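Below are some notes for a colleague who is opening this structure without having seen it before. Please keep the view at hand while reading.

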Amino acid sequence: YFLQWVVAEKRYGGGGGGKNWVETFIHSWINLAGTLLGVPKATPALLSGELKDTAVISPQLGSILEHYFSREWRKELWTSWGSLYGMLPKGGDRLWGIGADLIDFVGGASGDLDEMSNMTTAVASLKNKEVTSKKLVPYIVWSNKTDDMCSGPSPPDNTTPLATVPNIEQEHVETEEIPPDHVWSLDDTLEHLYSHAEEHIKTDLFSHDSQNGWKKRSSSKDKQMHWHDPAATQLPKAPSMRIYCVYGVGLPTERAYHYKVDCSSLGPPTANVTDDAGSVSGEQCSDDASSEDDSHSASDDLHSPFIIDTDVTDASRGIQMGVRHSDGDGSVALLSLGYMCQKWKEPRNKYNPHRVQVFSREKKHKGTAQIRDPGRGGPESGEHCDILGNDGTLEDVVRIATDFEVDIHVNHDEIKSDLMRIMDEIDSHPNGGL
């Protein structure tokens, strides 16, 4: 965002530095565990006022949390943070809908996902898989186990039963215990979140339509909504600048979700609902917090009947308590950490027309217990925050800052994950790639 802002003219909301500002004043940019393509965990925060940590909390602690800081209050707070919308996944279904980065333990490996720290090996099990399907992988799988008709926010009107969705894979989402009723792609999810956002967020802050971003003139007010999105903008004219993508890998990271409808969060059900044809379609959930008039505002959506379905667990597909995982640093998925860094390196690409040098420096997570600092993972931790104390990270930063033997030790890629195979599969998919 800064690299776009600083060169833009002030009349378009920029810093007015001019096209040569970055080349003149920035030697290197170290993108340390940066969310270049967003972070999926922003989705449940905005959709239902949840995080994975709050969804899996014990019932006793959960009741205390709900009493003092309920889901509705959390959602009211988080949906007021415009920056959180800027952290939603970027690039659309062409990146996040392919599923090349999702964990799939061949042979149905058993065990607790938290103990399976070698995510790279798990994802690499798909290495020889040939891309033949044109279908997309769901971002959210919905299950309405009670057939209740809840008032309040609902899935988009164009959401259709799973059996009739033409472009979403079905074989991996159907289970005997959890028969899904609907699926959302990432684009469906973003459409819903923005349609229920405050007006200034929808019109003034961010756009996640990466394809549309390229249609906006760089010297225009409209382009400002795309400054946060590297899939919709190009790197500045700074051929002597270097970019270092430094991040951790090897930790299970939130990537997609299973949700269910929970009318109990709205209030007691009322009488059966009869549709226009006279058939009974289920119980109607009342919303005691709704206003007396019929006008709609963003605050009406705070009492959400959506919650993460913690009953869904499948270790063979990296699903634990309603959350599907991929490789990453425990907070940011590998797709967001590494994809654009490699895309910038491709010859003659529109994202880096001035050939800025880019280097990816992955740090494989090797957590160790620390007696003096039990909250940290040790000198080889690749966790999202712990990487600040990673010995390899600190050495890279010092060498870059001092220019000491940087060409020998730092100015080359260090890939420890299955990123290159993931990129190849995404870019070769009929509906994938930028």
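The numbered points that follow cover the model, a sheet, a disulfide, salt bridges, aromatic pairs and a hairpin.

1. Basis of the model. This is a predicted model, in which local features need pLDDT of at least 70 and side-chain atom pairs count only at pLDDT 80 or more, while totals for chains, interfaces and linings use all residues. Residues are numbered from 1 along each chain as its sequence is written, and side-chain values use heavy atoms, with hydrogens and water left out.

2. The parallel sheet. Three strands make up an open sheet, in the order β1-β5-β12, with parallel pairing. Strands here are DSSP runs of E with at least two residues, helices are runs of H or I with at least four, and both are numbered from the N terminus. Two strands count as paired if DSSP finds at least two bridges between them. The edges are β1 (28-32) and β12 (357-364), each of which pairs on one side only. On average, neighbouring strands of this sheet are turned by 15° against each other, direction ignored. Angles are taken between the N-to-C directions of axes, which are lines fitted to C-alpha atoms (for helices over the stretch in contact), and run from 0 to 180 degrees.

3. Pairing of β1 and β5. Five bridges join β1 to strand β5 (residues 242-249) in the parallel sense. Ser 28 has Arg 242 of β5 opposite. As background, strands of a sheet pair through backbone hydrogen bonds, either parallel or antiparallel.

4. The helix across the sheet. Helix α13 (residues 334-345) lies across β1, β5 and β12 and runs at about 150° to β5. Contact means heavy atoms within 4.5 Å.

5. The disulfide. How many disulfides does a search of the whole structure find? The search finds one, a disulfide being a pair of cysteine sulfur atoms within 2.5 Å. Cys 245 is joined to Cys 341, with an S to S distance of 2.0 Å. The link is left-handed, with -95° about the S-S bond. Since Cys 245 belongs to strand β5 and Cys 341 to helix α13, the pair ties together parts 96 residues apart in sequence. Cys 245 is buried at a relative accessible area of 0%, and Cys 341 is buried at 0%. Buried means under 20% relative accessible area, exposed means over 50%, and partly exposed lies in between (1.4 Å probe, protein chains only). Cys 385 counts as partly exposed, at 42% relative accessibility.

6. Salt bridges around Arg 361. The structure holds 17 salt bridges, each a side-chain nitrogen of Lys or Arg within 4 Å of a carboxyl oxygen of Asp or Glu. In one of them, Arg 361 meets Asp 396, with the closest N and O atoms 3.2 Å apart. Arg 361 is in strand β12 and Asp 396 in helix α14 (residues 391-402), so this pair ties together parts 35 residues apart in sequence. Arg 361 counts as buried at 3% relative accessibility, and Asp 396 at 4%. Arg 361 also forms a salt bridge with Glu 414, where the closest N and O atoms are 3.9 Å apart. Glu 414 sits in the loop between α15 (406-409) and α16 (419-428), 53 residues from Arg 361. At 22% relative accessibility, Glu 414 counts as partly exposed. Arg 361, Lys 363, Asp 396 and Glu 414 are linked in a network of salt bridges.

7. Another salt bridge. Arg 421 pairs with Asp 418 through a salt bridge, the closest N and O atoms being 2.8 Å apart. Both Arg 421 and Asp 418 are buried.

8. Aromatic pairs. The whole structure has ten aromatic pairs. Rings of Phe, Tyr and Trp (its six-membered ring) pair if their centres lie within 6.5 Å; planes under 30 degrees apart count as stacked, over 60 as edge-to-face and the rest as tilted. Tyr 1 and Trp 227 have ring centres 5.6 Å apart and planes at 75°, so the pair is edge-to-face. Tyr 1 counts as partly exposed at 47% relative accessibility, whereas Trp 227 counts as buried at 4%. One aromatic cluster is formed by Phe 2, Trp 5, Trp 21 and Phe 25.

9. The hairpin at β11. Strand β10 (residues 319-320) runs antiparallel to β11, joined by two bridges, and Ile 319 stands opposite Arg 324. The hairpin has two residues between these strands, and Met 321 takes a positive phi near 50°.
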